[in-house]
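Hello,

Here is the structure we talked about. Please open it, and then read my notes below.

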Amino acid sequence: PQSGFTSKLFYPDVRFGGAYDMWGDGSTVIRGGFGIYRWQFSEGDIDAALNPALNVNSITTPSTQSIADLATYGPSAGSWCATNSTCPSGVDLIKKGDDNSPYTMNWDFMVDRTLPGRMVFEAQYIGNHTANALLTGNGTTASFYANINKIPIGGLYGTNSLTGINYWQQSCATGTCATPDSSLYAGYRPYVNYGVLNLIQHGSYSNYNGLVAALQKQTGKATFLLNYTFSKVMGIRDGQTDNGGGDGATIDAFNLRNNYGPHAYDHTHILNGTYYVQLPGINNANALERTVVNVWQLSGDLQFQSGAPLQPNTGGTLNANWTHTGASNTYLLFTDSLVLTPYLVCDPRNCTGGGRHFNPSCFVTPSTLGQNGPAVWPYIKGPTYFNTDIAMFKDLKLTESQHIQFRASAFNFINHALP
């Protein structure tokens, strides 16, 4: 076959790791490692690009019902995507010669130290870099990097290559400047008459860096595990949701690097804890009292996460609707391939209180021809997630093979509001 992604003969996947006992007694151990891990996307992400080539005239041969039909038998031809007709839109193609393979490069370094009371403390640095991730489009949506048939910035200001008319100047001459109707957009694209052409390719990337501290006790009447992570997930907000949750909406479809920022699932601070405690009982009591009071167990967990970034989780614009403002990407930027974003006149993270997560007065409706708001804003965090559960239970032996358990559980028992 002459289509589809090619594959190299070898893809080197380097992996190594090691550990060192500092004092030879297991009390302090240093460990680390590095590895490259290849992965693939789903066939369903690109199957639309495996359809027949564009502008191929299909020939249909009809069926015959009798020998007499052979006298008028003849194939029928389909229609061409001719110069003055409208060619397909939302077409997927595969980039020729792309032999890259998506991979994630991981590295980590950690120190484990035993502490008094049968506890272990661990400090760890984790990092990874993902490269060659898939870049696709989304049907007829023009504002994807993979779309190779984007109307250039300022393109609608110029002359339509099919009609030879500058509709902007024509409308301005009547006293009301207006962009061309969307039915005329085919004459402003690089591949005239065609609509959105999504060139599926490799090229997206991301980076993760995290510092983890953990304290655990796994033996005794009281055990627990507590860990805290300080991390940052940065990468291209490529708008892809083919294989799970998206990284965030693409704002600048012309310059991939301009969409580099915190991913939609980034949480700067994460704290998790679990615990189990065997509650004390009484000894100087009769059998009934000991049965009722002794051997109760308490367990629970707590979870805390700082809020995820708001911009990539709200379409890159806080889900702004510009309809009632009269602002649009086609009127201000003269293209349908950029997402119109608000202007920032101050740092929206500087709030004035009142439980707000950002200062809304920092956002201004776009109004200047040729000027868009920033593709990536300052890091505005959403609501914090905090939850804690608790349970108390007791097992009571009835016979050698039968037990009964009494349990009381409470979820989010402090009734903290969840986002």
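**Salt bridges**

A search of the whole structure turns up six salt bridges. Keep in mind that this is a predicted model.

Start with Glu122 and Arg31. They form a salt bridge, and their closest N and O atoms are 3.2 Å apart. This pair links distant parts of the chain: Glu122 sits in strand 7 (residues 119–135), Arg31 sits in strand 2 (residues 28–38), and 91 residues separate them. Is Glu122 buried or exposed? Its relative accessibility is 18%, so Glu122 counts as buried. The cut-off for buried is under 20%. Arg31 has 33% and therefore counts as partly exposed. Both residues also belong to a network of salt bridges that links Arg31, Asp112 and Glu122.

Next, look at Asp347 and Arg349. Their side chains meet in a salt bridge, at 2.8 Å from N to O. Asp347 is partly exposed, at 24% relative accessibility. Arg349 is partly exposed too, with a relative accessible area of 43%.

Then find Lys397 and Glu400. The closest N and O atoms of this salt bridge are 3.6 Å apart. Lys397 is partly exposed, with a relative accessible area of 49%. Glu400 is exposed, at 70%.

**Disulfides**

A disulfide is a covalent bond between the sulfur atoms of two cysteines. The count here comes to two disulfides.

One joins Cys172 and Cys177, with the sulfur atoms 1.9 Å apart. The torsion about the S-S bond of Cys172 and Cys177 is about 130°, so this disulfide is right-handed. Cys172 is partly exposed, at 26% relative accessibility. Cys177 is partly exposed as well, with a relative accessible area of 32%.

The other joins Cys346 to Cys362, at 1.8 Å from S to S. Why is this disulfide left-handed? Because the torsion about the S-S bond of Cys346 and Cys362 is about -100°. The pair links distant parts of the chain, 16 residues apart, with Cys346 and Cys362 each in the loop between strand 13 (343–344) and strand 14 (363–364). Cys346 is partly exposed, with a relative accessible area of 34%. Cys362 is buried, at 0% relative accessibility.

**A surface patch**

Last, turn to the surface. Which residues form a nonpolar patch there? They are Phe109, Tyr125, Leu211, Tyr228 and Phe230. Together they have about 480 Å² of accessible area.

Best wishes

Technical notes
Residues are numbered from 1 along each chain as its sequence is written. This is a predicted model: local features need pLDDT of at least 70, side-chain atom pairs count only at pLDDT 80 or more; totals for chains, interfaces and linings use all residues. Side-chain values use heavy atoms; hydrogens and water are left out. A disulfide is a pair of cysteine sulfur atoms within 2.5 Å. Buried means under 20% relative accessible area, exposed over 50%, partly exposed in between (1.4 Å probe, protein chains only). Helices (H or I, at least four residues) and strands (E, at least two) are DSSP runs, numbered from the N terminus. Patches are made of residues with over 30% relative accessible area and no salt bridge: like charges are joined within 9 Å, nonpolar side chains (Val, Leu, Ile, Met, Phe, Trp, Tyr) within 5 Å. Accessible areas come from the Shrake-Rupley method with a 1.4 Å probe; for residues, only the protein chains shown count as cover. A salt bridge is a side-chain nitrogen of Lys or Arg within 4 Å of a carboxyl oxygen of Asp or Glu.
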